[in-house]
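Trainee: I have a structure to read and I am new to this. Could you take me through its features?
Mentor: Gladly. Look at it while we talk.

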Amino acid sequence: MMKLAVLAALAGSAAAFAPAEVGKASTALRVSELDQEIGAVAPLGFFDPLGYITDEEKFVRYRAVERKHGRIAMMAMLGTFVHNNKWTFDGYLSPSNNLKFSDIPEGIGGLFQIPTEGLVQILAFCAFVELAWWPASQLDGDYGVRLGPVNNWEEEPSKYFRQKNAELNNGRAAMMAIAGTFTHEVVTGQSFAEQAASGHFSPFGDGQGFF
């Protein structure tokens, strides 16, 4: 049941990787996001206070980085919710170390409980995704993942702008959320679930109650 719930959540979050607004021709899907003003949403609009974006080539590169970090952060927050609810796989993470999945604590501290070999496997998988499966060199971030009518941009271009903006905004929120979650865990010594259970949402205090 837990695995089905996780898979359903993953499928739902993947829908955010699909873009949309009002109907322009399908050729609009090939126009630069800078020209389309995707991501330039109220109240800040096109936000570049330090003037990093000096030409379209830089914009395309920085947008690709923003999109990727947003996707990773969304998956990280999903993982935080899953693990803090004690939803874990059955069996052993490392049989040779007699280490079960359920033995790994929630929060950022759990990362350091994974054996070195496990971390190497995780990094190797990430490298495979980054270099071959969904290569980072493809800066538009569209790897052809289509979920039927959910993000059929070619058939319904009107979905493109809304879904592109939704992905960017959700990714931006997730980046702030996961950074805040890690900071709270390190400062308070409590996982997200422990903070919520004790009502301890201030980074200071004794761990019980808001402050």
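Mentor: Start with Lys-86, which sits in the loop between H3 and strand S1 (92–94). Keep in mind that this is a predicted model.

Trainee: What is the phi of Lys-86?
Mentor: First the general idea. Most residues other than glycine have a negative phi. Now the case here. Lys-86 is not a glycine, yet its phi is positive, near 65 degrees.

Trainee: Is Lys-86 buried or exposed?
Mentor: Exposed means over 50% relative accessible area. Lys-86 has 59%, so it counts as exposed.

Trainee: Where does Asn-98 lie, and what is its phi?
Mentor: Asn-98 lies in the loop between S1 and strand S2 (99–100). Its phi is positive too, at about 55 degrees, and Asn-98 is not a glycine. Asn-98 counts as exposed because its relative accessibility is 55%.

Trainee: Let me step back. How many helices and strands are there in the protein?
Mentor: The protein has 6 helices and 2 strands. Read from the N terminus, the order is α-α-α-β-β-α-α-α.

Trainee: What share of the protein counts as buried?
Mentor: Buried means under 20% relative accessible area. Of the 211 residues, 29% count as buried.

Trainee: Next, salt bridges. How many does the structure hold?
Mentor: The general idea first. Side chains of opposite charge can pair when their charged atoms come close. This structure holds 8 salt bridges.

Trainee: Which residue forms a salt bridge with Glu-66, and how far apart are the closest N and O atoms?
Mentor: The partner is Arg-63, and the closest N and O atoms are 3.1 Å apart. Both residues belong to helix H3, 3 residues apart, so about one helical turn separates them. Arg-63 counts as buried because its relative accessibility is 7%.

Trainee: Which residues are linked with Arg-63 in a network of salt bridges?
Mentor: Glu-66 and Arg-172 are linked with Arg-63 in that network. Remember Glu-66 and Arg-172; both will come up again when we reach a pocket.

Trainee: What about Lys-68? Which residue does Lys-68 form a salt bridge with?
Mentor: Lys-68 pairs with Glu-130, and their closest N and O atoms are 2.7 Å apart. This pair links distant parts of the chain: Lys-68 is in helix H3, Glu-130 is in helix H4, and they are 62 residues apart. Lys-68 counts as partly exposed, at 25% relative accessibility. Glu-130 also counts as partly exposed, at 33%.

Trainee: Which side chain meets Lys-159 in a salt bridge?
Mentor: Glu-156 does, with an N to O distance of 3.5 Å. Check the surroundings of each partner. Lys-159 counts as buried, at 15% relative accessibility. Glu-156 counts as partly exposed, at 34%.

Trainee: Now the pocket. What is the volume of the second largest pocket?
Mentor: Its volume is about 620 Å³. The lining has 20 residues, and nearest the centre lie Phe-47, Asp-48, Pro-49, Glu-66 and Arg-172.

Trainee: Which helix gives the most to the lining of the second largest pocket?
Mentor: Helix H3 (residues 56–84) does, with 5 residues. By class, the lining has 14 nonpolar, 2 polar and 4 charged residues.

Trainee: Which residues make the nonpolar surface patch?
Mentor: They are Phe-125, Phe-128, Trp-133, Trp-134, Val-145, Leu-147 and Val-150, and the patch is about 650 Å². Take Trp-133, which lies in helix H4 (residues 116–133). Trp-133 is partly exposed because its relative accessible area is 47%.

Trainee: One last residue. Where is the place of Gly-141?
Mentor: Gly-141 sits in the loop between H4 and helix H5 (158–188).

Trainee: How far apart are Gly-141 and Val-65 in sequence and in space?
Mentor: In sequence they are 76 residues apart. In space they are 9.6 Å apart, C-alpha to C-alpha.

Methods
Residues are numbered from 1 along each chain as its sequence is written. This is a predicted model: local features need pLDDT of at least 70, side-chain atom pairs count only at pLDDT 80 or more; totals for chains, interfaces and linings use all residues. Side-chain values use heavy atoms; hydrogens and water are left out. Patches are made of residues with over 30% relative accessible area and no salt bridge: like charges are joined within 9 Å, nonpolar side chains (Val, Leu, Ile, Met, Phe, Trp, Tyr) within 5 Å. Accessible areas come from the Shrake-Rupley method with a 1.4 Å probe; for residues, only the protein chains shown count as cover. A salt bridge is a side-chain nitrogen of Lys or Arg within 4 Å of a carboxyl oxygen of Asp or Glu. Helices (H or I, at least four residues) and strands (E, at least two) are DSSP runs, numbered from the N terminus. Buried means under 20% relative accessible area, exposed over 50%, partly exposed in between (1.4 Å probe, protein chains only). On a 1 Å grid over the protein atoms alone, a cavity is a set of points where a 1.4 Å probe fits but cannot get out, and a pocket is an open set with protein on both sides within 12 Å along at least five of seven lines; lining residues have an atom within 4 Å of a point. Grid points are joined across faces, edges and corners, and a volume is the space filled by probe spheres set on the points. Ala, Val, Leu, Ile, Met, Phe, Trp, Tyr, Cys and Pro count as nonpolar, Asp, Glu, Lys and Arg as charged, and the others, Gly among them, as polar.
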